[in-house]
Amino acid sequence: MKQSVKTGLIGFGMAGRVFHAPFVNSHNGLELIRISTSNPEAAALATSLYPKTVIVPDAQAIINDPDIELVIVATPNTSHVPLAKAAMEAGKHVILEKPFTITSADAEELINVSEATGRLLTVHHNRRFDGDFATVKKLLASGMLGRVAELKINYDRFRPELRPHAWREEDLPGSGILYDLGAHLIDQALHLFGWPRTLHAEALIQRPGGKVDDRFEIILQYDGVRVALSSGMLIRQPGPHFVIHGDKGTFVKYGMDPQENALKAGYTPQTMADWGKDPESAWGKINTTWQGMNLQASVETETGRYQDFFKNVAEAIRGEAALQVLPQQARDTIRIIEYCFRSVREKRTLYLE
């Protein structure tokens with residue numbers, strides 16, 4: 001049997017606890033041998049959930065461990081660069097929680113370190129593995145909607161109160177909803193259509209006492225295709241998550257991928273029989289002309305598979321597969337975020353290089 005990739009997780013907040021540790025612990029190609037956290041409550045929780053894993057108080061105990069091959073950095077955005085750089089220079093492969101970095105210059109620096117050290121570097125853009133996004137990709141490839149003219153992706157939340165002591169809501173570099181949720185939507189748009197010709201963005205603070213953006217809208221223009229991305233914290237009645245208009249028809253999908261809620265409830269793909277399955281009530285609706293027939297129907301959502309991100313990383317480390325989420329792609333997401341804030345400052349549409 002091939003040896004599993006010994007893995008250390010830096011950070012056991014929501015990202016590390018919910019989105020990383022369960023998949024590393026349950027994948028037979030990975031082995032979670034260390035978790036670092038300086039929070040005593042988080043350390044106690046990690047010990048109870050993963051009794052075979054050693055809990056350490058600081059990141060250096062993971063970076064300096066000669067047995068560890070893969071380091072996952074699931075810490076606040078401002079610490080991504082120094083931790084990832086130190087890990088790669090210590091000979092470790094690295095998964096960074098999104099967003100990759102705060103600036104595209106920082107992203108380039110880490111890419112250069114990855115190339116110089118020969119260590120794998122990737123970013124946890126798990127929303128590529130949402131079931132509804134997989135459905136959208138299949139629909140676009142099928143041609144059932146004809147020539148696509150418009151795509152809308154909305155990530156709506158209702159959280160009118162600010163979270164006390166939440167670093168994402170403090171006036172810090174890389175905080176705010178555009179870096180947080182926007183990174184997901186931008187990555188999906190770039191994955192589908194590539195680099196846009198123009199960009200126009202709005203970013204607002206809508207909640208009283210807010211210090212960073214909690215609402216954004218981004219318009220990306222391609223040749224004949226308009227992509228609109230939006231998210232906000234004061235949307236009690238969510239709109240559709242995906243809307244696609246083509247010259248033959250329209251697809252509309254409400255509701256978010258179920259994997260996040262399942263993870264927060266303590267489930268994993270191994271403990272939930274219908275993991276990643278959308279209920280029929282949440283399937284998207286298509287209205288189109290197909291092979292000369294007018295068609296209105298539900299489209300069964302593809303199964304969501306966050307575990308495939310980690311499977312791919314393990315296989316890429318062992319030379320068995322090409323890496324799916326490339327750091328250059330994650331860097332381009334940061335470039336788009338930088339252009340968004342420039343568009344907001346200058347109050348104009350930008351023509352992108």
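The points below go through some helices, rings, loops and backbone angles.

1. A word on the basis. This is a predicted model, in which local features need pLDDT of at least 70 and side-chain atom pairs count only at pLDDT 80 or more, while totals for chains, interfaces and linings use all residues. Residues are numbered from 1 along each chain as its sequence is written, and side-chain values use heavy atoms, with hydrogens and water left out.

2. Let's start with His20, which sits in helix H1 (residues 14-26). Helices (H or I, at least four residues) and strands (E, at least two) are DSSP runs, numbered from the N terminus. His20 has a relative accessible area of 0%, so it is buried; that word stands for under 20% relative accessible area, exposed for over 50% and partly exposed for values in between (1.4 Å probe, protein chains only). Which side chain makes a polar contact with the side chain of His20? The partner is Glu97, at 2.6 Å. A polar contact here is a pair of N or O atoms within 3.5 Å; within protein, one must be able to donate a hydrogen and the other to accept it, and residues adjacent in sequence count only if both atoms are side-chain atoms. With neighbours within four places in sequence left aside, the residues in contact with His20 (heavy atoms within 4.5 Å) include Ile72, Ile95, His124 and Phe310.

3. Phe310 brings us to helix H9 (residues 307-317). Eight of the eleven residues of H9 are buried, so this helix is largely enclosed by the rest of the structure. The buried ones are Gln307, Phe309, Phe310, Asn312, Val313, Ala314, Ala316 and Ile317. Just after H9 comes Gly319, with a positive phi of about 75 degrees.

4. Now for the rings. There are nine aromatic pairs in the structure. In the pair of Phe129 and Phe309, the ring centres are 6.2 Å apart and the planes stand at 75 degrees, so this is an edge-to-face pair. Phe129 belongs to the loop between strand S6 (121-124) and helix H6 (131-142), and Phe309 to helix H9, so the pair ties together parts that are 180 residues apart in sequence. The rule is that rings of Phe, Tyr and Trp (its six-membered ring) pair if their centres lie within 6.5 Å; planes under 30 degrees apart count as stacked, over 60 as edge-to-face and the rest as tilted. Both Phe129 and Phe309 are buried. Ring pairs also link Phe23, Phe129, Trp275, Tyr306, Phe309 and Phe310 into a cluster.

5. Pro269 lies in the loop between helix H8 (259-264) and strand S13 (284-290). With a relative accessible area of 17%, Pro269 is buried. Apart from neighbours within four places in sequence, Pro269 is in contact with Phe23, Trp275 and Gln307. The C-alpha atoms of Pro269 and Tyr306 are 9.0 Å apart, although 37 residues separate the two along the chain.

6. Have a look at Thr75 too, in the loop between strand S4 (70-73) and H4. Is Thr75 buried or exposed? Its relative accessibility is 14%, so Thr75 counts as buried. The side chain of Thr75 is joined to that of Ser79 by a polar contact of 2.6 Å. Beyond residues up to four places away in sequence, Thr75 touches Ile10, Gly11, His80 and Leu83.

7. The peptide bond from Lys98 to Pro99 is cis, with omega near -5 degrees, and Pro99 is in the loop between strand S5 (93-97) and H5. Gln291 is not a glycine, yet has a positive phi of about 50 degrees; Gln291 lies in the loop between S13 and strand S14 (293-299) and is exposed, with a relative accessible area of 67%. Lys347, also a residue other than glycine, has a positive phi near 55 degrees. Lys347 is in the loop between helix H10 (327-346) and strand S15 (350-351), and is exposed at a relative accessible area of 70%.
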